[in-house]
Amino acid sequence: MTLAAVGAAAALSLVPASAQGQNTTVDTIKKRGQMVCGVSQGSAGLSLADNQGRWSGLDVDFCKAFAAAVLNAPDKVRYVPLSSQQRFPALQSGEIDVLNRNTTVTSGRDAGMNVTAPAIVFYDGQGFMVPKKLGVKSAKDLDGAQVCVQPGTSNEQNLVDWFATHKMQYRAVVIENLVELEKAFYAGRCDVYLSDASTLAASRSSRAGHADDFVILPERVNKSPLSPWVRDSDSQWIDIVKWTVHAVVTAEELGITAKNIDSFSNSKDPQVRRLLGIDAGIGKSFGLSDKWAYNVIKAVGNYGEIWDRNVGPKTPLKLERGQNALWNKGGLFYAPPFQ
């Protein structure tokens with residue numbers, strides 16, 4: 001290949017896929033009039049359907065946010081419940097547009113599966129839950145325990161690593177379906193339930209009248225940052241998902257909520273004006289309306305509102321913000337500037 005040809009190919013790679021005649025994820029969503037979001041098979045506070053099939057949870061709110069960004073229609077979402085083993089094949093095949101199913105970011109997933117994690121939505125950590133009647137106070141007391149775990153998850157490998165590191169024995173009870181796994185744990189088929197602490201809290205909260213019968217042990221097996229996932233072949237969609245997350249984090253930092261957002265229409269703050277599309281230009285690089293971030297915040301609120309509504313202290317999960325607080329309030333959340 002000549003240098004001129006190499007230069008032409010490089011220039012072409014910088015042109016958006018839609019301009020090259022390729023069908024982008026955004027094109028597909030707009031043509032369909034609906035976004036397809038992969039979620040869990042049922043995790044309270046994260047993604048759970050009620051008896052009428054209406055989904056709610058932190059992950060669900062971010063699905064709505066992505067739909068609001070592209071379609072200005074947060075309810076134009078079809079939710080596809082997926083097991084841990086189904087989730088990545090569904091994304092890779094194009095069955096879903098985005099996977100938002102409490103899925104941990106790891107190097108192997110991000111670099112080796114043709115998918116990418118654009119932005120963290122929850123800083124979590126994997127832990128152990130046990131029946132209180134066992135009298136266990138620490139995970140170091142679990143030598144010889146039977147542990148319920150889902151296959152095809154980072155939990156499974158972390159279970160192996162943790163027990164090997166601490167020179168302890170265990171027996172894994174491996175069940176793919178989350179609902180069946182939880183039934184097995186609560187029926188006493190295993191002593192321990194290993195998962196993200198948020199999943200454990202969600203599961204425990206569903207035990208009406210018996211939540212206090214179960215204890216989440218203090219140890220965390222590893223860091224477990226959770227992110228939406230998209231195919232890594234579509235830079236436009238990656239950017240939209242990433243900056244939608246940044247938009248709700250920035251809104252919280254600026255004090256913008258779903259209820260008061262219109263009161264900022266005359267703001268002189270350049271960051272506010274760019275974020276809300278008062279000053280033109282924010283949408284062009286994304287291929288969206290300048291009002292896309294406004295539409296997102298109006299639909300689902302800022303990050304703090306999403307947290308409080310789904311997993312916060314006034315919900316059954318009763319989770320404090322902790323490391324999920326804003327960077328200027330002792331947490332890890334920090335959004336780059338909109339400019």
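Predicted model: local features only at pLDDT ≥ 70, side-chain atom pairs only at ≥ 80, totals over all residues.
## Charges and the model

The protein chain carries 36 positive and 33 negative side chains, and the centres of these two sets sit 3 Å apart.

Residues are numbered from 1 along each chain as its sequence is written, and side-chain values use heavy atoms, leaving out hydrogens and water.

## The overall fold

The protein chain has 12 helices and 13 strands. These are DSSP runs numbered from the N terminus: helices are H or I with at least four residues, strands are E with at least two. How does the radius of gyration of the protein chain fit with a compact globule? A compact globule of 339 residues would come out near 20 Å, and the chain's 21 Å agrees with that. (The radius is taken over C-alpha atoms, and the globule rule is 2.2 Å times the number of residues to the power 0.38.) Along the principal axes, the C-alpha atoms fill a box of roughly 65 × 55 × 40 Å.

Of the 339 residues, 51% are buried; that means under 20% relative accessible area, with exposed being over 50% and partly exposed in between (1.4 Å probe, protein chains only). Now take the contacts (heavy atoms within 4.5 Å) between residues at least 6 apart in sequence: 70% of them join residues at least 24 apart.

How many salt bridges does a search of the whole structure find? It turns up seven, each one a side-chain nitrogen of Lys or Arg within 4 Å of a carboxyl oxygen of Asp or Glu. One of them joins Glu180 and Lys183, at 3.7 Å from N to O. Both residues belong to helix α7 (residues 178–186), three residues apart, or about one turn of the helix. An α-helix has 3.6 residues a turn, so residues three or four places apart point the same way. Glu180 is partly exposed at 40% relative accessibility, while Lys183, at 52%, counts as exposed.

Another bridge pairs Glu252 with Arg321, whose closest N and O atoms are 3.1 Å apart. This one links distant parts of the chain: Glu252 is in helix α9 (residues 235–254) and Arg321 in the segment after α12 (303–310), 69 residues away. Both partners are buried.

Then there's Lys298 with Asp262, at 2.8 Å from N to O. Lys298 sits in helix α11 (residues 292–300) and Asp262 in the loop between α9 and α10 (270–275), so this pair ties together parts 36 residues apart in sequence. Lys298 is partly exposed at 36% relative accessibility, and Asp262 is partly exposed too, at 40%.

## A covered helix

Helix α8 (residues 197–205) is mostly covered, with seven of its nine residues buried. Those are Ala197, Ser198, Thr199, Leu200, Ala201, Ala202 and Ser203. Their cover includes α7 along with strands β7 (122–131), β10 (192–196), β11 (214–216) and β12 (223–226).

## Two positive phi values

Most residues other than glycine have a negative phi. Asn72 has a positive one, near 50°; this residue is in the loop between α3 (58–71) and β4 (77–81) and is partly exposed, at 48% relative accessibility. Lys167 has a positive phi near 55°. Found in the loop between α6 (154–165) and β9 (170–174), Lys167 is exposed at 76% relative accessibility.

Notes: Lys, Arg positive; Asp, Glu negative; His and termini not counted. Charge placed at Lys NZ, Arg CZ, Asp CG, Glu CD.
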